[in-house]
Amino acid sequence: MNIGRPVPRTSTGLQEAYAPELLYATFNQDYGCFAIGTQTGFRIFNSDPYKEKMRRGKKTSMAGHYDEDRRKFKDGGIGIVAMLYRSNYLAFVGGGRNPRFPPNKVMLWDDASSKIIAELEFRSDVLNVQLQRERIVVVLRNKCIVCSLEAKPRHLHAFETSDNDRGAMAISGGGDTSILAFPGRQKGHIQTVDLHSCVGLPPAVQDSAAVQRTSARSRSSISADSGATPSATASGTGVYPANINIVAAHSTSISALAISADGSMVASASEKGTLIRIFDTVNGRLLHELRRGVDRADIYSIAFSPDNSRLCVSSDKGTVHVFNLEAKQNAGRQQPAEAAAASAGNRHSNLKFMKDLLPKYFSSVWSFAHFRTANDVRCICGFGNERNSVIVLCADGTAQKYSFDSYRGISSREWYRKFI
């Protein structure tokens with residue numbers, strides 16, 4: 001997520017807390033690692049225990065000399081970085097004062113060979129990138145494009161969206177499920193797609209698909225023309241997803257999305273930032289409506305716990321909220337029993353018994369644990385190794401770990417590290 005320095009909105013001086021060299025920060029798929037993009041390169045860290053694992057770009061060693069591996073990555077700003085678990089593959093988009101790559105290209109980097117192995121070029125700037133074991137998902141302002149993850153990428157799908165300047169998109173980790181979520185064509189709608197459920201396009205549609213692939217020197221490139229309506233592979237074999245659901249989630253534009261690891265649930269927040277809604281990805285049924293607060297906020301991340309029993313949410317206010325999710329049986333799927341036992345922790349209004357007479361606010365479900373990070377800056381969050389812990393990455397260049405009591409919701413900070 002782009003948690004770098006925002007456009008100043010006040011004259012209070014709070015913007016001084018932001019790290020000027022930080023352009024981007026993101027967790028990998030299981031929150032075990034995180035990556036940052038800087039004005040001169042990128043870095044990879046282990047989340048918990050905290051430890052820097054890799055650094056590429058302009059940074060001298062302890063002896064004052066450039067490391068050999070750092071010489072192989074030319075200096076330049078990385079505006080977006082995406083990880084594939086703990087593998088050697090990463091995706092980059094340029095950014096900052098001196099971009100390393102153009103903002104309309106996605107570059108696939110193999111750190112084992114220290115070189116770019118593939119690139120994808122688009123007609124407009126790339127706003128978000130996610131890697132899956134078999135796919136690369138790219139978000140443009142009005143498109144969500146899926147390509148194959150290989151040395152010679154193939155253009156698989158292209159979906160139109162409403163205006164998505166925040167690059168909202170989420171995809172499940174892979175394996176038996178591959179659920180993709182992104183804003184629908186109408187404002188406030190979510191579209192979920194089962195990428196594993198695909199069938200062939202008619203030959204006439206295949207012939208009309210405009211996808212070109214070129215090769216340059218030792219790396220492959222695909223020119224993914226975002227104007228092509230049908231989806232097709234570069235080899236001419238067209239595919240499109242069969243299972244598509246559209247959910248009217250909010251009345252205003254979608255600002256953040258998250259999908260559970262098993263692909264069964266999708267969580268969303270709108271630009272208002274007061275409510276988080278969770279839907280079943282199979283039938284679109286509303287499962288939970290959770291209240292972050294009353295005042296507007298920019299939601300910067302939503303994350304499910306690995307067992308789907310909890311959800312954490314972070315915002316530009318420097319606050320993190322943790323919710324318990326009730327156990328439900330949806331389409332034959334049963335959540336773990338311990339999730340039901342924990343669900344009692346969420347807070348409700350004392351006037352909930354009058355919910356039919358009072359405004360909807362009084363029947364809201366509130367987080368059972370919440371805390372505020374240092375400096376009140378924008379942040380993203382993910383769950384730690386322990387079930388009752390959260391890792392937070394902040395725009396002031398710090399990583400912080402918080403733990404919370406399962407029953408009382410009392411939170412405490414365990415450690416605080418400066419990563420840039």
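Author: Helices (H or I, at least four residues) and strands (E, at least two) are DSSP runs, numbered from the N terminus. This is a predicted model, in which local features need pLDDT of at least 70, side-chain atom pairs count only at pLDDT 80 or more, and totals for chains, interfaces and linings use all residues. Residues are numbered from 1 along each chain as its sequence is written, and side-chain values use heavy atoms, with hydrogens and water left out.

Reader: What makes a space in this structure a cavity, and how many of 30 Å³ or more are found?

Author: On a 1 Å grid over the protein atoms alone, a cavity is a set of points where a 1.4 Å probe fits but cannot get out. A search of the whole structure finds 1 of 30 Å³ or more. The largest cavity holds about 40 Å³, a volume being the space filled by probe spheres set on the points, which are joined across faces, edges and corners.

Reader: Which residues count as its lining, and which strands supply them?

Author: Lining residues have an atom within 4 Å of a point. There are 10 for the largest cavity, and Thr38, Thr40, Arg43, Arg56 and Lys58 are the closest to its centre. Strands β3 (41-46) and β4 (51-57) each supply at least two.

Notes. 1 Å grid on protein atoms, 1.4 Å probe; cavity = no way out; pocket = protein on both sides within 12 Å on 5 of 7 lines; lining within 4 Å.
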